[in-house]
Amino acid sequence: MRVRLSNIFRWLAFIGVVSCWGHAQQGQAQQGQAQSAQAQQKPEIKIGFSIENTKGERWQTDLDELQARAQQLGAQIITRSADGDDDLQLKQVKELLNTGIDALVLLPHDPQKAVRIVEAAHAKHVPVISYDRLIPDAGVDLYIGFDLFSVGVLQAQCLTEHAPKGNYILLGGSPMDPNSKVVRAGQMKVLQPLIDRGDIKILADIWIPEWSPTQAYVLVAQALHDLKVPLTAILASNDGTAGGAIQALADNNLSGQVLVTGQDADLAAVARLYDDTQLMTVYKPIGGEARAAAEAAVTLARHGNIETSTTVPNGAQTTNAILLTPIAVTRLNAKDTVLKDGFQKIETVRQALPKNKWAELDR
């Protein structure tokens, strides 16, 4: 009888082991199915970001913000920098397309030449977001940028409020960048009535290749050499060209005597506001632009629709757009805008200033 009970106990133990093993196998199978279903619900999204150049304070900020927001949304950003080479940018985008990206965020070097990049992406059914610069006549899926016409208006308004009469130099951006012309159109909306009245005289109209501060310095220095009358203001379209112009003014003992505008709220420009060598800059909260691009790219990659009621003219057609609002910044509101948002740090600005100007930051 003991033998029989022993056998029974062994048999029950064997059944228990089999049962536990079966439950374990079933649990593993169910877990695998759940993980597979979860993977199908949340596929990895790959977004290509083709940027003309990562050099410079502005574009590195865009890249950092774009990557951070995409990561929060479960997407991967694959970045390529073309270093100002249009052919290289096309080659890099083709390589991104071959890796299987689901959407492309494109900041073109030359928007005219970038049409072929859009065509290559659309040939592989990859949606394209034109970022910060609108690519003309290319049928991009979305344009994300700032209201650049308003940028020009803000610059000219601030300048004419301080100098409603006088002799001006106009300092435009790159001739190949359509953004330069949009900014100029905003500037002229304000200036033209004053020019027509004879209150403002344009002494020189200079366009700066590649938005180069060095070229701005050279060309403004030449213009200053040729001037026969006192100069009142330089309407510079961004902070880089403003910096070149201000250096040329300094070399001619005119720094701080001529009003200068800018755009981008670069560190050097914010310091110049407190150093009295630059009147204003235009702050464009870049984080909002980059985050909007990441969100839109993920939506398009998942074949969703972008809800926007804004369009911008684009050749013979219009393009859906997300336009953000720029902010005029002077030394009077820098603390409540650029510094408050953390776009520039007050201690970093302090380090960029001579010690006799530090007290200006504490007011």
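Which residue's side chain does a polar contact of 3.0 Å join to that of glutamine 278? The partner is aspartate 239, where a polar contact is a pair of N or O atoms within 3.5 Å, one able to donate a hydrogen and the other to accept it; residues adjacent in sequence count only if both atoms are side-chain atoms. Welcome to a predicted model, in which local features need pLDDT of at least 70 and side-chain atom pairs count only at pLDDT 80 or more, while totals for chains, interfaces and linings use all residues. Residues are numbered from 1 along each chain, and side-chain values use heavy atoms, without hydrogens and water.

**Around glutamine 278**
- Glutamine 278 sits in the loop between α9 (267–274) and β10 (281–283); helices (H or I, at least four residues) and strands (E, at least two) are DSSP runs, numbered from the N terminus.
- This glutamine 278 is buried, at 3% relative accessible area (buried means under 20%, with a 1.4 Å probe and protein chains only).
- A polar atom of the glutamine 278 side chain lies 3.0 Å from the backbone oxygen of methionine 280.

**The sheet**
- An open sheet of mixed pairing is formed by 7 strands in the order β2-β1-β3-β4-β5-β12-β11; two strands pair if DSSP finds at least two bridges between them.
- β2 (75–81) and β11 (310–314) are at the edges with a single partner strand each, so one side of each has no neighbour in the sheet.
- Strands β1 (residues 45–51) and β2 run parallel, joined by 7 bridges, and isoleucine 51 stands opposite serine 81 in β2.

Methods. Buried < 20%, exposed > 50% of the residue type's maximum accessible area, 1.4 Å probe, protein only.
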